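Let's walk through this structure together, going from the strands to the ligand and then to a few local details. Please keep the sequence and the 3D view at hand.

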Amino acid sequence: MPQPYLGNPDKGPSRIRIHHLQQAKDRGEKFAMLTAYDVMMAEIFDSAGIEILLVGDSAANTVLGYSSTLPITLDEMLVFTKAVANGTKRAMVVADLPFGSYEQSPAQAVESAVRLLKEGGAHAVKMEGTAQYAAHVKAMVLAGVPVIGHIGFTPQAEHALGGYRVQGRGDAVEQMKTDALAFQDAGAFAILIEMVPSDAAAQVDAALRVPTVGIGAGSATTGQVLVWQDMLGLGERRTPRFVKKYADLRSVVGQAVSEYHQDVLNGSFPSAEYEFKE
Ligand code: KIV
């Protein structure tokens, strides 16, 4: 099977732009998104050819240790966004608008989004919400900010949604289509769909012109996204069923650190090769 154009860093564009993602949908090709929060992981993911690095507000859980995404601030998101932008040559960098940084008005959304691009170096933002936030998307797009609308399960609305629950079951798919179309019509260049039945995600994708990115939403979406600590097995927490674990970094790191600890205690590190000579 030929490698998709975007997935081939030797042949594809030198920087992934929004029209490349649209081309992927139009051609029936796929792209991959992965979260990133620091420069070194961003460098690795970028070199591996990942098309979009998402500076997710999941940093609240995976980096800062909170039990939800609600506490993370725009200033904290800016620190992570700068680090990821500094580690990226080819990938598009998308930063999350954190809880409390956009809800009040389209003007507040523009102000926060502009900071993520201007100070953080992001190329686009992602905003959670429903059709009621279409005006916010429109205002950001008008200001020159590319926007991904995030629908389905939206973690910032965890308490309003009654916890971590699959969305869009049964008739609820109609509301999801309405939300997705409202974001698309307001100018969003992609729609991210989280934790919905595959059939529902496929229906939303089919109703849209723009690409979709799924997480726990089956295989019909143009793109897929995962949280890197989940897919590389770094976290201690139980991962959701939609996560495929590609590595077990927690044991790799744990073993290496125990070895170092033993070496220091028994005096075998540092040996002569790690010492400076006169
Ligand atoms: O913050 C995040 O990492 C996200 C993904 C779960 C899509 O929004």
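Which residue in β6 is the bridge partner of I151? The partner is I193. Before going further, a word on the ground rules: this is a predicted model, in which local features need pLDDT of at least 70 and side-chain atom pairs count only at pLDDT 80 or more, while totals for chains, interfaces and linings use all residues. Residues are numbered from 1 along each chain as its sequence is written, and side-chain values use heavy atoms, with hydrogens and water left out.

The bridge between I151 and I193 belongs to a parallel pairing in which five bridges join strand β5 (residues 147-152) to β6. Strands here are DSSP runs of E with at least two residues, helices are runs of H or I with at least four, and both are numbered from the N terminus. Two strands pair if DSSP finds at least two bridges between them.

Stay with β6 for a moment. Strand β6 covers residues 190-194, and because five of its five residues are buried, it is largely enclosed by the rest of the structure. Buried means under 20% relative accessible area, exposed means over 50%, and partly exposed is in between, using a 1.4 Å probe and protein chains only. In a regular strand the side chains alternate between the two faces of the sheet. In β6, A190, L192 and E194 point one way and I191 and I193 the other, and all are buried.

Now move to β1 (residues 31-35), which runs parallel to β8 (residues 223-226) and is joined to it by four bridges. Here M33 stands opposite V225 of β8. M33 also has a bridge partner in β2, namely I52, and three bridges join β1 and β2 in the parallel sense. Strand β2 (residues 52-55) sends I52 and L54 one way and L53 and V55 the other, and all are buried. Strand β8 has a further parallel partner, β7 (residues 212-215), with two bridges between them; one link to look for is V213 with G223.

With the strands in view, turn to the ligand. Its surroundings are T35, L54, G56, D57, S58, D96, K126, H150, L192, E194, I215 and V227, where a residue is near the molecule if one of its heavy atoms lies within 4 Å of it. The shell has four nonpolar, four polar and four charged residues. In this sorting, Ala, Val, Leu, Ile, Met, Phe, Trp, Tyr, Cys and Pro are nonpolar, Asp, Glu, Lys and Arg are charged, and the others, Gly among them, are polar.

Several side chains come up to oxygen atoms of the ligand. A polar side-chain atom of D57 lies 2.9 Å from a ligand oxygen, and one of D96 lies 3.1 Å from a ligand oxygen. For K126, an N or O atom of the side chain is 2.8 Å from an oxygen atom of the ligand. Taken alone, the ligand exposes 260 Å², and the protein buries 95% of that; accessible areas come from the Shrake-Rupley method with a 1.4 Å probe, and for residues only the protein chains shown count as cover.

Finally, here are two backbone details. Most residues other than glycine have a negative phi, and most peptide bonds are trans. M195, in the loop between β6 and α8 (198-207), has a positive phi near 50°, and at 12% relative accessibility M195 is buried. The peptide bond from F269 to P270 is cis, with omega near 0°, and P270 is found in the segment after α10 (249-265).

Methods:
Polar contact = N/O pair within 3.5 Å; in protein donor to acceptor, adjacent residues only side chain to side chain.
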